[in-house]
Amino acid sequence: KTFFGFALQFLWQKYPRIEFHREIEQLFKLDIQADEFVDKNFIILGTKYSYPISLEGMLKLQEVSNSWSVALPFCEIKHGPLSLVDDKTVCIGHVTNECIMDNVNQIRARNGRVIEVGVGKEINIPDIGPYSSLLFLIYLQLFSYKLALVKGLNPNKPRSIAKTITV
């Protein structure tokens, strides 16, 4: 099993009664405007449970929309990557607590665009414990899909993705 598989298994054992299909339906109703992000670079930020999700979201942005992206834990943005933030950088972060807001403010101070995903944030997702990270992943996938469409790419047939492994 992958790390993600183990994480999901753990979450479902710990929170067996949570049903979040309504929350997923709400995400699909979002009007994601990707026009302004066509020529941008992306930093996907996460903490705790959402960092592995950030890695997956980074891959989706790279594969589906052919956009440069990197995934980082929120706490590591200050160790070098913050110096790369400018007006062509979009940071998409799963904002889970107010301690992270200092990092968000530093990104904004460097003219970086921040898309906050979290409880009561720009992209509002409900607080359903660690499952909120899965909703963050769904948002990242939808964002990648919309960005690919705006760029004129077919999100169902990404270029340079091998369907089989040849030796």
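This is a predicted model: local features need pLDDT of at least 70, side-chain atom pairs count only at pLDDT 80 or more; totals for chains, interfaces and linings use all residues.
Local features were taken only at pLDDT of at least 70 and side-chain atom pairs only at pLDDT 80 or more, while totals for chains, interfaces and linings use all residues. Residues are numbered from 1 along each chain as its sequence is written, and side-chain values use heavy atoms, with hydrogens and water left out.

Helices (H or I, at least four residues) and strands (E, at least two) are DSSP runs, numbered from the N terminus. Strand 3 is largely enclosed by the rest of the structure, because six of its six residues are buried. Here, buried means under 20% relative accessible area, exposed means over 50%, and partly exposed lies in between (1.4 Å probe, protein chains only). In a regular strand the side chains alternate between the two faces of the sheet. Both faces of strand 3 are covered. Thr-89, Cys-91 and Gly-93 are buried on one side, and Val-90, Ile-92 and His-94 on the other.

Strand 3 has paired neighbours (two strands pair if DSSP finds at least two bridges between them). Strand 1 pairs with strand 3 in the parallel sense, over five bridges. In this pairing, Asn-41 stands opposite Thr-89 of strand 3. Strand 4 also pairs with strand 3 in the parallel sense, over five bridges. Val-90 stands opposite Arg-113 in strand 4. From strand 3 the chain crosses through helix 4 to strand 4, and this β-α-β crossover is right-handed. That is, with the strands pointing away from the viewer, the path from the first strand over the helix to the second runs clockwise.

Within helix 4, Met-101, Asn-103, Val-104 and Ile-107 are buried. Seen down the helix axis, the buried residues fall within an arc of 155°, so they line one face of helix 4. The arc is that of the directions from the helix axis to the C-beta atoms. An α-helix has 3.6 residues a turn, so residues three or four places apart point the same way. The cover over the buried residues of helix 4 includes strand 1, strand 3 and strand 4. Asn-111 follows helix 4 and has a positive phi, near 65°.

Side chains of opposite charge can pair when their charged atoms come close. The whole structure holds five salt bridges, each a side-chain nitrogen of Lys or Arg within 4 Å of a carboxyl oxygen of Asp or Glu. One joins Arg-113 to Glu-36, with the closest N and O atoms 3.8 Å apart. Arg-113 lies in strand 4 and Glu-36 in the loop between helix 2 and strand 1, so the pair ties together parts 77 residues apart in sequence. Arg-113 also bridges to Glu-122, at 3.3 Å between the closest N and O atoms. Arg-113 is partly exposed at 28%, as are Glu-36 at 46% and Glu-122 at 44%.

Lys-78 and Asp-102 form another salt bridge, their closest N and O atoms being 2.8 Å apart. Lys-78 sits in the loop between strand 2 and strand 3 and Asp-102 in helix 4, so parts 24 residues apart in sequence are tied together.

Ser-69 lies in strand 2 (residues 69–73). Ser-69 is buried, with a relative accessible area of 4%. Leaving aside neighbours within four places in sequence, Ser-69 is in contact (heavy atoms within 4.5 Å) with Phe-42, Met-58, Leu-61 and Gln-62. A polar atom of the Ser-69 side chain lies 3.1 Å from the backbone oxygen of Met-58.

Notes:
A polar contact is a pair of N or O atoms within 3.5 Å; within protein, one must be able to donate a hydrogen and the other to accept it, and residues adjacent in sequence count only if both atoms are side-chain atoms.
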